[in-house]
Amino acid sequence: MPGPSIVWFRRDLRLHDNPAFQAAYKRNGAIIPVYIWDDVEERATGAASRWWLYHSLTSLQKDLQNFYNLSLTIYRGDALKILSQLTDVFCPQAIYWGRLYEPSTRRRDEKIKESLSEDCEDVRSFNSSLLFEPWMVLNNEGRPFQVFTPYWRKCLASGSIEKPTAAPPKENRKVVDSKKISVPAINLEDLKLRPKIPWDKNFYKFWNPGEAGAQKNWNTFLKDRKKNYSEGRDFPALASTSELSPHLHFGEISPRQLWWEMKPSSAVQNVFLKEVGWREFAHQLLYHFPQTSNEPLREEFKKFPWREDSKGLRAWQRGETGFPIVDAGMRQLWQTGWMHNRVRMIVASFLVKDLLIDWRKGAEWFMDTLVDADLANNTLGWQWAGGCGADAAPYFRVFNPMLQGEKFDPNEDYIRRWVPDMKLDPIVDHKKARERALQAFAKMKG
DNA sequence: TGAAATGTTGGGGCG
DNA sequence: ACGCCCCAACATTTC
């Protein structure tokens, strides 16, 4: 009888196409599925994401129980310590997990892999969340791409993507008593992931965290939204996007599934897959330039003269700027934990250009309020808006929030939905603000 | 994955 | 019929 395998779930909270779980399953022994809430998770997970995580773990717990008679054990504390203790007690044959790519998780996981390998012969990580590993796609000089189009072209030319695998067949796995270890397992409730103040009450109307919810959104997308995606995706009043971002962040659905089920005749031109490509691009950028979540990729922006403006920042956060499309976006974010991507660009441009507030302030707010908050995507998005990142909009490309509203919400449906009581009392004069931003840019240059 | 400023063109009104 | 002006429509340049 083979010994047990530990599967360390992190942000691959699914059973289909989950290579770590699959590999453990194939070993035919007992499986010990664990989730560990340690400092790295705690620091990196904002309030809205915690809400999501709570429900996603609940869902995974239920599925593991129902399909395999496995109980996902939850721990709080230092991941290395806990995994080492588990290893001491259970002498697992294998310890598996899905890879993450942020600097903090990489630092931690490398140490863990090295340390556990001394006591366990098969400690392995798997690719569960990307189509292309960041170190696999390099330009002809062997360096990472900094422009999207050539990056994506290279990805698509670089070979085939593995087909997703179904969840392993249902069966009752032998159960081990994980309570034996000295670090006590705790209840999911004890992680206190849900808010004390019930600001999450509306979230339930919009989201269904977990693997089943992810599949549901994906099927809706394929059935109803895909055909109009390339035109409709820019109009926030329409339901044209997949709304998969939080599911993808927590690994409730596999990008390989999206890839294969799109069945594109020409992947290069497929607009939806291109968006998946931006996600890949963001992850490889953060991998190769790990400092960019805090520092602009383009050096000259280190001396950009940002303004301190706590009143402006607060008005932006609350959706009280007096610019309808900006306020609508910020309120959609607050009420649902999500914002349409077109509107993200508009509100980001407004904060960075019209208010001249450091993009990092905006990034921080997004990390705390988005259910899909993802360090790689968020960093790319904000540095793009700030003009200081890879393949970024040139700084002088200033969005006019009124014009953007006219273009992308012509009937004001989106605005009315989120700010029914809209009062036009702008906190800045856009024309003057634009001039000010251009001057600041010139100052940095000179 | 801009928008404003500036330049060019051409149709129509009118003396 | 012609030149002149106005200005919308479009194109190009600049920020």
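**A chat about the sheet and its surroundings**

Modeller: Keep in mind that this is a predicted model. To start us off, strand 1 (residues 5–9) and strand 2 (residues 31–37) run parallel and are joined by five bridges.

Biologist: Which residue in strand 2 is the bridge partner of Ser5?

Modeller: Ser5 belongs to strand 1, which spans residues 5–9. Look across to strand 2, and the bridge partner of Ser5 there is Ile31.

Biologist: In what order do the five strands of the open sheet come?

Modeller: The pairing in this sheet is parallel. Strands of a sheet pair through backbone hydrogen bonds, either parallel or antiparallel. Read across the open sheet, and the five strands have the order 3-2-1-4-5.

Biologist: Which strands are left without a neighbour on one side, and why?

Modeller: A strand with a single partner has one side with no neighbour in the sheet, so we look at the edges. The two strands standing there are strand 3 (73–76) and strand 5 (122–126).

Biologist: What does the twist average from one strand to the next?

Modeller: Go back to the open sheet, with its order 3-2-1-4-5. Step from one strand to the next, and the twist averages 25 degrees.

Biologist: How many of the residues in strand 1 are buried?

Modeller: Check both faces of strand 1: Ser5, Val7 and Phe9 are buried on one side, and Ile6 and Trp8 on the other. That leaves strand 1 mostly covered, with the buried count at five of its five residues.

Biologist: Which residues does Trp8 touch, leaving out those up to four places away in sequence?

Modeller: Trp8 sits in the largest nonpolar core, which has 107 residues, and along with Val7 and Ile95 has the most contacts inside it. Leaving out residues up to four places away in sequence, Trp8 touches Val34, Ile36, Leu83, Ile95 and Trp97.

Biologist: At about what angle does helix 1 run to strand 4?

Modeller: Helix 1 (residues 19–26) lies across strand 1, strand 2, strand 4 (94–98) and strand 5. Relative to strand 4, helix 1 runs at about 155 degrees.

Biologist: And what angle does the direction of helix 4 make with that of strand 2?

Modeller: Helix 4 (residues 79–90) packs on the sheet too, touching strand 1, strand 2, strand 3 and strand 4. Its direction and that of strand 2 make an angle of about 160 degrees.

Technical notes
Residues are numbered from 1 along each chain as its sequence is written. Chains are lettered from A and ligands numbered from 1 in the order in which they are written. This is a predicted model: local features need pLDDT of at least 70, side-chain atom pairs count only at pLDDT 80 or more; totals for chains, interfaces and linings use all residues. A nonpolar core is a set of buried Ala, Val, Leu, Ile, Met, Phe, Trp, Tyr and Cys residues joined through C-beta atoms within 7 Å. A residue is buried if 20 or more other C-beta atoms lie within 10 Å of its own, exposed if 12 or fewer, and partly exposed in between; C-beta atoms are placed from the backbone. Two residues are in contact if their C-beta atoms, placed from the backbone, lie within 7 Å. Two strands pair if DSSP finds at least two bridges between them. Helices (H or I, at least four residues) and strands (E, at least two) are DSSP runs, numbered from the N terminus. Axes are lines fitted to C-alpha atoms, for helices over the stretch in contact, and angles run from 0 to 180 degrees between N-to-C directions.
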